[in-house]
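Here are my notes on this model, in numbered points. Have the coordinates open while you go through them.

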Amino acid sequence: MTERLYYNDGHLARFVSRVVSCESCEGGFDVRLEGTAFFPGGGGQEADGGTLGGMRLLSLRETDEGDIAHILPGPLEPGAEVEGVLDWDMRFARMQSHSGEHIVSGTVHRLFGYDNVGFHMGESGMTLDFSGELTPRDIGLVELEANRAVWRDAPVRTLLPGRDELEKLDFRSKKELSGLVRLVEIEGVDLCACCAPHVSRTGEVGLIKVVDYMRHRGGMRLTVLAGEAAYRDCAEVYVQNSSISAALSAKRLETAAAVRRSLAERSEEHSALTALKKELMQLKSAALRPTEGNICIFERDMDMVSLRELVNSGMQLAGGVCAAFCGEDGDYRYIIGSLSANLRSAAGDINAALCGRGGGNKTMIQGSCRAKRADIEAYFAV
Ligand SMILES: [Zn+2]
């Protein structure tokens with residue numbers, strides 16, 4: 001059984017151990033050591049990366065016999081002493097997150113009595129599922145208490161109690177445990193069964209931030225960041241807030257109110273604009289005069305809904321068609337309506353004459369065209 005050097009020392013970033021065996025396996029060579037500082041993954045935490053004997057680890061695997069298999073691209077000599085080097089930055093970030101998770105889960109358990117029933121450590125933070133609901137105020141309290149535990153710099157210890165001793169201990173665990181049970185104790189905060197490497201004092205976690213929460217399966221799912229990940233997120237949010245503060249000339253801690261004010265103003269302006277557009281449309285419609293022939297309308301800037309309204313009014317007054325064009329000369333969007341002509345069958349001719357494309361039904365067609373205003377007016381003879 002491989003000795004797990006990370007059980008007692010989560011900070012072992014380099015180690016030397018003897019090769020016990022080396023056999024070829026699918027995808028490379030399966031190397032077993034007397035002891036290893038490489039964590040093979042488990043309990044929500046990914047496996048470590050790094051090099052062994054100068055070769056990059058392809059993967060790590062835990063065997064049924066309790067060995068840790070190091071899968072390498074080449075062989076190592078049994079009996080030889082080899083050096084293992086962990087990808088330390090990644091490992092430390094994961095330890096900060098995982099120890100942070102224990103602190104939050106222990107705090108929720110202590111304050112509200114809920115169990116942690118799910119844990120996942122992902123790229124954009126870790127999710128912690130709890131068996132009961134928490135209000136935003138509860139979550140704020142949990143976050144503050146968790147950070148206070150960090151500031152106390154409490155020691156984090158590993159315990160390997162015997163069966164009798166274990167029965168007397170009150171610890172958190174997600175599943176029924178058999179065999180040797182490893183407990184991770186965070187003094188005054190938490191006692192939990194866990195197989196992963198942890199920081200040695202809570203101060204190393206640095207910062208804990210709950211960045212999101214939602215109701216989940218009758219309980220609560222919190223998205224939490226800890227350590228450098230939490231710091232980086234806060235720094236990024238600070239940059240975003242500064243930018244909003246500058247754009248809205250609002251004080252740093254008054255940006256939310258400023259955004260709400262700005263949105264309310266925009267909503268008022270939008271209502272006013274809609275009323276003005278309606279009024280303008282009524283004026284434009286009233287200005288149209290009845291004719292036996294066609295009506296042609298040219299607009300520089302009008303939305304298609306308003307343009308259609310105008311055509312609806314115009315086609316009541318035209319013996320032929322009411323054709324409305326919007327845009328730059330030679331680059332128009334058009335809507336053409338008629339109560340007398342069959343526009344569906346005329347669409348081909350109209351598009352050919354106006355260098356356009358588009359279609360619709362018997363009474364209305366729409367599309368775009370490249371014809372000049374003078375040519376369009378000549379075509380409709382207005
Ligand atoms: Zn754990």
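**Notes on the fold**

1. Let's begin with a strand pair: β12 and strand β13 (residues 183-186) run antiparallel and are joined by four bridges. Strands here are DSSP runs of E of at least two residues, helices are runs of H or I of at least four, and both are numbered from the N terminus. Two strands count as paired if DSSP finds at least two bridges between them. Within this pair, Leu 159 has Leu 183 of β13 as its bridge partner.

2. Before going further, some bookkeeping. This is a predicted model, where local features need pLDDT of at least 70 and side-chain atom pairs count only at pLDDT 80 or more, while totals for chains, interfaces and linings use all residues. Residue numbers start from 1 along each chain as its sequence is written.

3. Back to Leu 159, which sits in strand β12. Is Leu 159 buried or partly exposed? It has 15 C-beta neighbours inside 10 Å, so it counts as partly exposed. The scale runs like this: buried means 20 or more other C-beta atoms within 10 Å of the residue's own, exposed means 12 or fewer, and partly exposed is in between, with C-beta atoms placed from the backbone. Leaving out residues up to four places away in sequence, Leu 159 touches Leu 183 and Glu 185; contact means C-beta atoms, placed from the backbone, within 7 Å. Val 181 is 22 residues from Leu 159 in sequence, with 8.4 Å between their C-alpha atoms.

4. Zooming out, the order β12-β13-β14 makes up an open, antiparallel sheet of three strands. The edges are β12 (156-159) and β14 (190-193), each with a single partner strand, so one side of each has no neighbour in the sheet. On average, neighbouring strands are turned by 20° against each other, direction ignored. Helix α1 (residues 88-112) lies across β12, β13 and β14 and runs at about 115° to β14. For such angles, axes are lines fitted to C-alpha atoms, for helices over the stretch in contact, and values run from 0 to 180 degrees between N-to-C directions.

5. There is also an open sheet of seven strands, ordered β6-β5-β9-β2-β3-β8-β7 and paired antiparallel. Its edge strands, β6 (55-56) and β7 (59-62), each pair on one side only. In the order, β9 stands between β5 and β2. Strand β2 (residues 14-25) is joined to β9 (residues 81-86) by five antiparallel bridges; Val 16 has Glu 83 as its bridge partner, and Arg 18 stands opposite Glu 81. With strand β5 (residues 50-52), β9 pairs antiparallel over three bridges, and Gly 50 is opposite Leu 86. The covered face of β9 holds Val 82, Gly 84 and Leu 86, whereas Glu 81, Glu 83 and Val 85 are on the uncovered one.

6. Now the packing. A nonpolar core is a set of buried Ala, Val, Leu, Ile, Met, Phe, Trp, Tyr and Cys residues joined through C-beta atoms within 7 Å. The largest one has 50 residues, and Ile 103, Val 104, Ile 208 and Val 224 touch the most other members. Strand β16 (residues 219-226) gives the largest share, five residues. Domain 1 (3-86) and domain 2 (91-231) each supply at least three. Another core, of 28 residues, lies apart from it and includes Leu 307 and Ala 371.

7. Last, the layout. Besides domains 1 and 2, the chain has domain 3 (288-380), with bounds from an automatic or database domain assignment. The C-alpha centres of domain 2 and domain 3 are 68 Å apart.

How values were computed: Two residues are in contact if their C-beta atoms, placed from the backbone, lie within 7 Å.
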